Amino acid sequence: MSEIIEWVLEMDVRDGQGDQVQQLLDDITKAALVDEPRTLHCEFYMSDDRRSCTVLERYADNAAVMAHFAQFGGRFAERFTQIFIPARLTVYGPANDSVMMALAGFGATRMDRVAGFHR
């Protein structure tokens with residue numbers, strides 16, 4: 001069974017914060033690419049009106065998620081919460097209690113894989 005954990009986080013951009021979005025997303029992406037080798041996937045998508053943002057993230061395992069939180073919390077959490085309002089977070093895979101507790105503030109729900117494969 002795969003230990004990969006992934007999620008889809010849908011967010012709204014706070015009023016007056018639209019100009020701040022791109023720099024934050026660039027900073028988060030660069031930091032994950034350079035400092036989080038077990039972050040396997042991180043992509044941000046914006047709606048045409050730039051009012052909604054969705055992020056797709058994938059981690060090798062629970063330890064990789066916790067390493068991401070350690071970096072994200074100190075470097076980006078404050079800016080992130082000033083810019084975005086989380087609307088929905090769905091976590092896929094065997095996220096443990098520590099991961100789910102760390103995501104509780106986003107209203108995370110978890111779904112277990114019941115079929116499928118990775119190539």
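Asp 15 is exposed, with a relative accessible area of 64%, where exposed denotes over 50%, buried under 20% and partly exposed the range in between (1.4 Å probe, protein chains only). The model is predicted, and local features therefore require pLDDT of at least 70 and side-chain atom pairs pLDDT 80 or more, whereas totals for chains, interfaces and linings use all residues. Residues are numbered from 1 along each chain as its sequence is written, and side-chain values rest on heavy atoms, with hydrogens and water left out.

The side chain of Asp 15 meets that of Arg 51 in a salt bridge (2.7 Å, N to O), a salt bridge being a side-chain nitrogen of Lys or Arg within 4 Å of a carboxyl oxygen of Asp or Glu. Arg 51 lies in the loop between strand E2 (39–46) and E3, and Asp 15 in the loop between E1 and H1, so the pair ties together parts that are 36 residues apart in sequence. Helices (H or I, at least four residues) and strands (E, at least two) are DSSP runs, numbered from the N terminus. Arg 51 is partly exposed, at a relative accessible area of 34%.

The structure holds seven salt bridges. One of the salt bridges joins the side chains of Arg 58 and Glu 6 (2.8 Å, N to O). Because Arg 58 lies in strand E3 and Glu 6 in strand E1, this pair ties together parts that are 52 residues apart in sequence. Arg 58 is partly exposed, with a relative accessible area of 26%, and Glu 6 also counts as partly exposed, at 21%. A further salt bridge links Asp 61 with Arg 38, with the closest N and O atoms 2.1 Å apart. Here the loop between E3 and H2, which holds Asp 61, is tied to the loop between H1 and E2, which holds Arg 38; the parts are 23 residues apart in sequence. Asp 61 is buried, with a relative accessible area of 12%, while Arg 38 is partly exposed at 40%.

Asp 61 also takes part in a contact at the start of H2, where one of its side-chain oxygens reaches to within 3.2 Å of the backbone nitrogen of Ala 63. Helix H2 (residues 62–75) comprises 14 residues and reaches 20 Å from its first C-alpha to its last, close to the 20 Å expected at 1.5 Å a residue; the expected span is 1.5 Å times one less than the number of residues. The buried residues in H2 are Asn 62, Ala 64, Val 65, His 68, Phe 69, Gln 71 and Phe 72. Their cover includes strands E1 (5–13) and E3 (52–59), together with helices H1 (21–35), H3 (77–83) and H4 (97–102).

At least two lining residues are supplied by each of E1, E3, H2 and H3, and the largest share, four residues, comes from H2.

Thr 90 is found in strand E4 (residues 84–92) and is buried, with a relative accessible area of 11%. Contacts of Thr 90, not counting residues up to four places away in sequence, are with Glu 6, Trp 7, Val 8, Thr 109 and Met 111, contact meaning heavy atoms within 4.5 Å.

Notes. Polar contact = N/O pair within 3.5 Å; in protein donor to acceptor, adjacent residues only side chain to side chain.
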